[in-house]
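Trainee: Please take one part of this model and go through it closely. I would like to hear about the charged side-chain pairs, and then about whatever else can be said of the surface and the loops.

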Amino acid sequence: MIEQVAIAFERKDYQTAAKLLKQLLAESPENPWVQFYLARLHEVSQKRQDAEKIYRQLLRDTTNTKIVTQARQGLRRLQELEQEERQRAISQAMAQASNTELGVLVLEPLSNELKTEASRKFAQIMQLDPYTARLMLPSRGWRLYRSGQVGELKFYGEQLQQASIPCFWTTIAQIQQIQVFQVKYFLESAQQATVVCCNQLNQLGSLTFDWLEVKAQVIGLLPIFEEVVDRDVRGKLERKTQIQDYAQFCDLHLPGRRCILRLYDNGYDFQQGVKIITQASQNTIRINWNSLLSWVEQQLPQVKIWSDFTPFADTVLEQTEMLGQIQSHIHLLRREQTNWDPAFHLYSGLVFVKDVMMSNGL
């Protein structure tokens, strides 16, 4: 009867093949040839996951070389079909001009209990081996997984979300549209606050806002690099660039106004405006900054503080080409440019965009 099944498949008479297999499955369900043709029937019926499962089981459990060879061929056909469909779907996603814009795909953290199943799905979607897939999924903070044309990122992102793998994507243009004001000091503060600040053209002015408008607070450390003279392993003098200190930043997000108020320790005038800190002129910048942060947090007791910039930066610093497209709005005196500055603005901008998405129910 197996020969009759094989002939039916050759003739593409799948109805007859299905009837014969039904009888064979009742008589000898463990027969590897019966299982093989069952997988073939699943394959031509577009039940690809069922077909793949049987093909892989045959590769594990069968020693018959003919069955092993044909099971491998079946898996190859399934992979080729999946690849063709993937490329076709990506091409359709890229059809609109807006989908060719530069964007980023960000993975959100997963608990360790969910990682085993999630890494299996992630490996399948992104065509990775399971070990690499598990390493890619973050447990704490965000991981910038990929940059590229946003249409393709959206295609992958939607598949990941359907597999219960939390992620989001956005264009760099959306982040660049956010206005950034450099805060010099708080002029006054009650239910409404007023800051003296500079806009993106470095024009000095003031901005008054309600504390309730602030929806997120982002803090981060940016390294300050200095060139130093040191001795190498042979005792010879050599010049090295090392981290000598850190500049501390705090962004306040006002999504209703599409803007960020950016404060940093050496750019804030602690002796002007609201008397937040006593004896500011006699304190160190670190003491003054910590006092300012504590005061800001008192005004915003319900606002989430995002403080995982450094681990996020570790996933993005090597993406020089993409970061080169981002205007950082960081005005530190540096000997040369560093990817840390646009990385912080990207992180803060992603928090901003993500919050807007959530408030819009996206």
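Mentor: Helix α8, residues 150-162, holds both lysine 154 and glutamate 158, which sit four residues apart, about one turn of the helix. The model is a predicted one. The side chains of lysine 154 and glutamate 158 meet in a salt bridge, with 2.9 Å from N to O. Lysine 154 has a relative accessibility of 34% and therefore counts as partly exposed.

A second pair within a helix is found in α3, residues 32-44. Because glutamate 43 and arginine 40 are three residues apart there, about one helical turn separates them. Their closest N and O atoms are 3.6 Å apart, and the two form a salt bridge. This counts because the cut-off is 4 Å. Both glutamate 43 and arginine 40 are buried. The pair also belongs to a network of salt bridges that links Arg40, Glu43 and Arg77.

Aspartate 308 and arginine 140 make another salt bridge, in which the closest N and O atoms are 2.9 Å apart. This pair links distant parts of the chain, its members being 168 residues apart. Aspartate 308 is in the loop between β10 (305-306) and α11 (309-314), while arginine 140 is in the loop between α7 (130-136) and β2 (143-149). Arginine 140 is exposed, with a relative accessible area of 57%. In general, side chains of opposite charge can pair when their charged atoms come close. The structure holds 12 salt bridges, the pairs described here among them.

Next, a loop residue. Threonine 338 has its place in the loop between α12 (320-323) and α13 (340-359). At 15% relative accessibility, threonine 338 counts as buried, because the limit for that class is under 20%. A polar atom of the threonine 338 side chain lies 3.2 Å from the backbone nitrogen of tryptophan 340.

Last, the surface. Leu221, Ile243 and Tyr246 make a nonpolar surface patch of about 260 Å². Of these residues, leucine 221 is found in strand β7, residues 216-231. Leucine 221 has a relative accessibility of 36% and counts as partly exposed. Leucine 221 can be part of the patch because patch residues need over 30% relative accessible area.

Definitions and conventions: Residues are numbered from 1 along each chain as its sequence is written. This is a predicted model: local features need pLDDT of at least 70, side-chain atom pairs count only at pLDDT 80 or more; totals for chains, interfaces and linings use all residues. Side-chain values use heavy atoms; hydrogens and water are left out. Helices (H or I, at least four residues) and strands (E, at least two) are DSSP runs, numbered from the N terminus. Buried means under 20% relative accessible area, exposed over 50%, partly exposed in between (1.4 Å probe, protein chains only). A polar contact is a pair of N or O atoms within 3.5 Å; within protein, one must be able to donate a hydrogen and the other to accept it, and residues adjacent in sequence count only if both atoms are side-chain atoms. Patches are made of residues with over 30% relative accessible area and no salt bridge: like charges are joined within 9 Å, nonpolar side chains (Val, Leu, Ile, Met, Phe, Trp, Tyr) within 5 Å. Accessible areas come from the Shrake-Rupley method with a 1.4 Å probe; for residues, only the protein chains shown count as cover.
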